Amino acid sequence: MSERPDAAAVALVDELVGDLAGTWDTSGVLPDPVLRKLGGAGLLCAQVPEVYGGPGYSSLRNGELTAHVGGRCSSLRSIQTSQGMAAWTVTRLGTERQRAAYLPRLVGGELAAVAFSEPGAGSDLSTMETRARIDGDELVLDGHKVWITGAAYADLVVVFAGYGDAGTAVMVPAGAPGVTIERVPEPLGCRAAGHANVRLDGVRVPLDSVLGGRPGQSLPLLVTIALAYGRISVAWGCAGILRACLAAATAHARGRRQFGRPLAEHQLVARHLAELFTAERVASRACADASASWDGNSPDLVTATMLAKYVSSTQAARGAATAVQVLASAGARDGHAVARAYRDAKLMEIIEGSNEMCELMLARHALSAA
Ligand SMILES: Cc1cc2nc3c(=O)[nH]c(=O)nc-3n(C[C@H](O)[C@H](O)[C@H](O)COP(=O)(O)OP(=O)(O)OC[C@H]3O[C@@H](n4cnc5c(N)ncnc54)[C@H](O)[C@@H]3O)c2cc1C
């Protein structure tokens, strides 16, 4: 299978995004038709198999598509990450009947968000307070989720909750009675990604909305499965940020002259370009390695995914700062691609496992492998 997304997919992304990412960032809104069109083409969760109506991409191919979207608009890529994570969660945790029911919806234009985090449960999700209980043939949910990417646009929210001493993942319609969705005001970056807080007050869903059919699985296992997709997707998105920053910085350094020659001919500026080039290559390699583990069903998947996320997000945060440095005043305004990248990339060091959480897990791996 080719590692490149097909030309039609890339063309659709290019046509829909055009030069609008800066405008979307400033307004804080992604237009609904853009999301529905990309979603309806299956490109927000392109690994969904063809049997469920999806494009059936490999992880590598989906990764390259994710990088392409991420290079153009990190808000849109954030939606793609959430949608892909929702689809992956259904694929791994759902019954065959649930896969057949939900996946065609997720490649047909409906949008989904994934909710783990709570006011008291960020890095430590074991302190989650959202609870699920069975009442007759319904599941009842009470809790408060925060910072849920895409929740402001979502039709469905995959809610992770405690159930007795165990856990559960539940498909909740965003419009169900008892669900309240409120946008996070003025996020630092990915401003159009529809981050929202989600309140669940006695929300009732049929028991067959519980992925796997019955609640009561290991919560850490449920979360780990969903996050594996999120991490690799964010990693590829960061590779895309680096590609965009490298392109902007080299173009500017070629064209802008100071002290009688192009910026690129000043060695200290050339060093910035070398650093950006290296960052993009290193991040892309780490992502490709993680995707190869994914596609090969390798036991190294968890570590490779964590490594890719860590390498890509730290390189992107540094690389975006470098790109702003090269463009200087030319890139120092809201909505400019490198200014956006600078804010967006910083957030990638926090989500799907912060830098510190990645470092702790990678150190654990180093200790066990040595
Ligand atoms: C842009 C964005 C999008 C998001 N999207 C989603 C989403 O779609 N769904 C969702 O459920 N959540 C989402 N989140 C929430 C995100 O998952 C959390 O912000 C993240 O897990 C960190 O939790 P926290 O913010 O509560 O920080 P905390 O857990 O309070 O951590 C604060 C700092 O302390 C560090 N720290 C914590 N514990 C340790 C430790 N043991 N050792 C060393 N350092 C430690 C952290 O690394 C961090 O630097 C999003 C957040 C952002 C900013």
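**Figure 1. Surroundings of Phe-160 in the predicted model.** Phe-160 touches Thr-89, Val-114, Ala-115, Phe-116, Met-128, Thr-130, Lys-145, Thr-168, Ala-169, Leu-222, Val-223 and Ala-226, leaving out residues up to four places away in sequence. The structure shown in this and the following views is a predicted model. Phe-160 is also one of the residues with the most contacts inside the largest nonpolar core, together with Leu-106 and Phe-116.

**Figure 2. The largest nonpolar core.** This core has 46 residues. The helices that give two or more residues to this core are H5 (74-93), H6 (96-106), H7 (219-255), H8 (267-295) and H9 (301-327), and the strands that do so are E1 (112-115), E4 (156-163) and E5 (166-173). H7 supplies the largest share, twelve residues. Apart from this core lies another one, of 27 residues, which includes Ala-253, Ala-279, Ala-317 and Ala-341. In soluble globular proteins, nonpolar side chains tend to be buried together.

**Figure 3. Packing of helices H5 and H7.** The two helices pack at an angle of about 150°, and their axes are 9 Å apart. An angle over 145 degrees counts as roughly antiparallel, and H5 and H7 are therefore roughly antiparallel to each other. The crossing of H5 past H7 is right-handed. On the H5 side the meeting residues are Ser-74, Arg-77, Thr-81, Gly-84, Met-85, Trp-88, Thr-89, Arg-92 and Leu-93. On the H7 side they are Leu-222, Ile-225, Ala-226, Leu-227, Tyr-229, Gly-230, Ser-233, Val-234, Gly-237 and Ile-241. Thr-89, Leu-222 and Ala-226 are also among the residues that Phe-160 touches.

**Figure 4. Ala-86 in helix H5.** Ala-86 lies in H5 and has 0% relative accessibility, so it counts as buried. Leaving out residues up to four places away in sequence, Ala-86 touches Leu-106, Ala-112, Val-114 and Val-158. Of these, Leu-106 is among the residues with the most contacts inside the largest nonpolar core.

Figure 5. UniProt, in an unreviewed entry, places "domain: Acyl-CoA dehydrogenase/oxidase N-terminal" at residues 9-110. Over that span the chain is 69% helix and 0% strand, and the end C-alpha atoms are 18 Å apart. The annotation "domain: Acyl-CoA oxidase/dehydrogenase middle", again from an unreviewed UniProt entry, covers residues 113-203. Here the chain is 0% helix and 53% strand, with its end C-alpha atoms 17 Å apart. The feature "domain: Acyl-CoA dehydrogenase/oxidase C-terminal" is placed by UniProt (unreviewed entry) at residues 226-366. Residues 226-366 are 78% helix and 3% strand, and the end C-alpha atoms lie 24 Å apart.

Figure 6. Most residues other than glycine have a negative phi. Trp-147 is not a glycine, yet its phi is positive, at about 60°. Trp-147 lies in strand E3 (residues 138-148) and is partly exposed, with a relative accessible area of 45%. Asn-297 has a positive phi near 55°. Asn-297 sits in the loop between H8 and H9 and is exposed, its relative accessible area being 71%.

**Figure 7. Helices H8 and H9.** The axes of H8 and H9 come within 8 Å and cross at roughly 160°. That angle makes H8 roughly antiparallel to H9. The crossing of H8 and H9 is left-handed. Ala-292 belongs to helix H8 and is partly exposed, with a relative accessible area of 46%. Ala-292 and Ser-59 are 233 residues apart in sequence, while their C-alpha atoms are 7.5 Å apart in space.

**Figure 8. Met-306 in helix H9.** Met-306 is found in H9, where its relative accessibility of 3% means that it counts as buried. Leaving aside neighbours within four places in sequence, Met-306 is in contact with Arg-231, Cys-358, Met-361 and Leu-362. Met-306 and Asn-355 are 49 residues apart in sequence, and their C-alpha atoms are 9.9 Å apart.

Definitions and conventions
Residues are numbered from 1 along each chain as its sequence is written. This is a predicted model: local features need pLDDT of at least 70, side-chain atom pairs count only at pLDDT 80 or more; totals for chains, interfaces and linings use all residues. Side-chain values use heavy atoms; hydrogens and water are left out. UniProt positions are given in the numbering used here, feature names are shortened, and annotations may be inferred rather than shown by experiment. Helices (H or I, at least four residues) and strands (E, at least two) are DSSP runs, numbered from the N terminus. A nonpolar core is a set of buried Ala, Val, Leu, Ile, Met, Phe, Trp, Tyr and Cys residues joined through side-chain atoms within 4.5 Å. Buried means under 20% relative accessible area, exposed over 50%, partly exposed in between (1.4 Å probe, protein chains only). Contact means heavy atoms within 4.5 Å. Axes are lines fitted to C-alpha atoms, for helices over the stretch in contact, and angles run from 0 to 180 degrees between N-to-C directions. Angles under 35 degrees count as roughly parallel, over 145 as roughly antiparallel, 65 to 115 as roughly perpendicular and the rest as oblique. A crossing is left-handed if the near helix is turned anticlockwise from the far one by less than a right angle, and right-handed if clockwise.
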